[in-house]
Amino acid sequence: MAEFTVDCLGEACPVPLMKVQKQMEKAAVGDVVIAQIDHSCAMKNIPEWARNNGHNVEIEEVDDGEWEIVIEKTN
Amino acid sequence: MKAFWDKVSKNPYYIKIFKNPFTYVTGAVLLSIFQIAIFASTGSPWGVSGTFANWGAWLYRLVGGNVDKWYYFSSEGAQATLNNGILNHTGSWLNFGIIAGALLATLLASQFKFKKIKSLKQVVAAVLGGLLMGYGARLAGGCNIGALYSSIASLSLSGWVFAFFLFIGAFIGSKLLAKFFM
């Protein structure tokens with residue numbers, strides 16, 4: 001159960017989503033990938049992509065305009 | 001006072017309207033309604049990037065430049081628009097509205113943030129991309145609003161032609177992005 005953090009702060013779409021997809025490929029089932037984002041579009045497209053692929057997703061607002069998207073790889 | 005704001009931030013209507021992003025469908029419906037309103041009230045379809053060329057011309061005039069002989073501004077209509085000034089230009093007010101509205105929306109959602117610049121590469125790509133988009137939009141006679149959105153909404157074939165080449169450009173752009181930014 002490894003945990004990976006993907007730093008996407010200061011990155012605009014679609015870079016955060018592409019970075020998360022790359023990290024999710026490397027992760028094993030049960031691993032958790034945490035994406036740090038400050039781009040509100042990424043708050044929509046990353047969870048949408050992850051949920052469409054059947055992963056568990058949680059969004060935490062860590063600060064004004066800053067979020068952590070926690071994705072658990074399920075398949 | 002703090003108790004009041006804490007209460008507001010937990011209010012379900014506040015969360016629904018100001019905090020959480022609208023769905024794509026809600027956004028699309030609102031955009032459609034407002035672009036019809038713009039067409040009905042101003043008499044021309046919604047556009048964004050044409051205004052930037054005028055802003056450039058006004059800035060150039062401010063520092064003593066002259067665009068009277070430029071082909072792009074040579075028509076009587078274009079000259080009249082420039083001579084009437086920015087405060088009498090509908091497109092400028094629409095764009096001011098976008099900027100002010102975006103700021104207001106992010107403040108209301110309590111999501112305002114100064115983002116740090118990650119690398120020089122990011123700056124170069126942003127400046128190059130902005131110049132290419134602006135230049136391309138003027139060559140094409142519109143951007144993805146004027147030449148795509150408003151054209152298709154006006155049942156013009158040119159909007160679909162624009163869309164086809166926009167997808168080609170976006171495809172090449174995303175390949176370049178993956179190559180240089182991943």
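This is a predicted model: local features need pLDDT of at least 70, side-chain atom pairs count only at pLDDT 80 or more; totals for chains, interfaces and linings use all residues.
Residues are numbered from 1 along each chain as its sequence is written, chains are lettered from A and ligands numbered from 1 in the order in which they are written, and side-chain values use heavy atoms, with hydrogens and water left out.

## Confidence

The model has an ipTM of 0.79 and a pTM of 0.85. Within chain B, helix α1 (residues 2–10) has the lowest confidence, with a mean of 89, and helix α6 (residues 90–108) the highest, at 96. Helices (H or I, at least four residues) and strands (E, at least two) are DSSP runs, numbered from the N terminus.

## Strands and a helix of chain A

Strands β2(A) and β4(A) are antiparallel and share 6 bridges; two strands pair if DSSP finds at least two bridges between them. Strand β4(A) also pairs with β3(A) (residues 56–63), again in the antiparallel sense, over 7 bridges. In this second pairing, Glu68(A) of β4(A) is the bridge partner of Glu60(A). The hairpin of β3(A) and β4(A) has 2 residues between its strands, and Gly65(A) there takes a positive phi near 70 degrees.

Helix α1(A) (residues 15–26) has 12 residues and should span 16 Å at 1.5 Å a residue; its end C-alpha atoms lie 17 Å apart, which agrees. The expected span is 1.5 Å times one less than the number of residues. The buried residues of α1(A) include Val15(A), Leu17(A), Val20(A) and Met24(A). The buried residues of this helix pack against β1, β2, α2 and β4 of chain A, together with α9 (157–181) of chain B.

## Rings and charges

Over all chains there are 11 aromatic pairs; rings of Phe, Tyr and Trp (its six-membered ring) pair if their centres lie within 6.5 Å, with planes under 30 degrees apart counted as stacked, over 60 as edge-to-face and the rest as tilted. Trp46(B) and Tyr149(B) form an edge-to-face pair, 6.1 Å centre to centre with 85 degrees between the planes. Trp46(B) lies in the loop between α3 and α4 of chain B and Tyr149(B) in helix α8(B), so the pair ties together parts that are 103 residues apart in sequence. Ring pairs also join Phe52(B), Trp55(B), Trp93(B) and Phe96(B) in a cluster.

Lys44(A) lies over the face of Tyr24(B), 5.1 Å from the ring centre. The charged end of Lys121(B) is placed over the ring of Phe181(B), 5.1 Å from its centre. A charge sits over a ring if NZ of Lys or CZ of Arg is within 6 Å of the ring centre and within 35 degrees of the ring normal.

Helix α7(B) (residues 120–140) has 21 residues and reaches 30 Å between its end C-alpha atoms, close to the 30 Å expected. Gly141(B) follows α7(B) and has a positive phi, near 75 degrees.

Lys19(B) belongs to helix α2(B) (residues 12–19). Leaving aside neighbours within four places in sequence, Lys19(B) is in contact (heavy atoms within 4.5 Å) with Glu61(A), Tyr14(B), Ala109(B), Ser110(B) and Gln111(B). In the table, buried means under 20% relative accessible area, exposed over 50%, and partly exposed in between (1.4 Å probe, protein chains only).

| Residue | Relative accessible area | Class |
|---|---|---|
| Trp46(B) | 13% | buried |
| Lys19(B) | 17% | buried |
| Tyr149(B) | 25% | partly exposed |

Terms used
pLDDT is the predictor's confidence in each residue, from 0 to 100.
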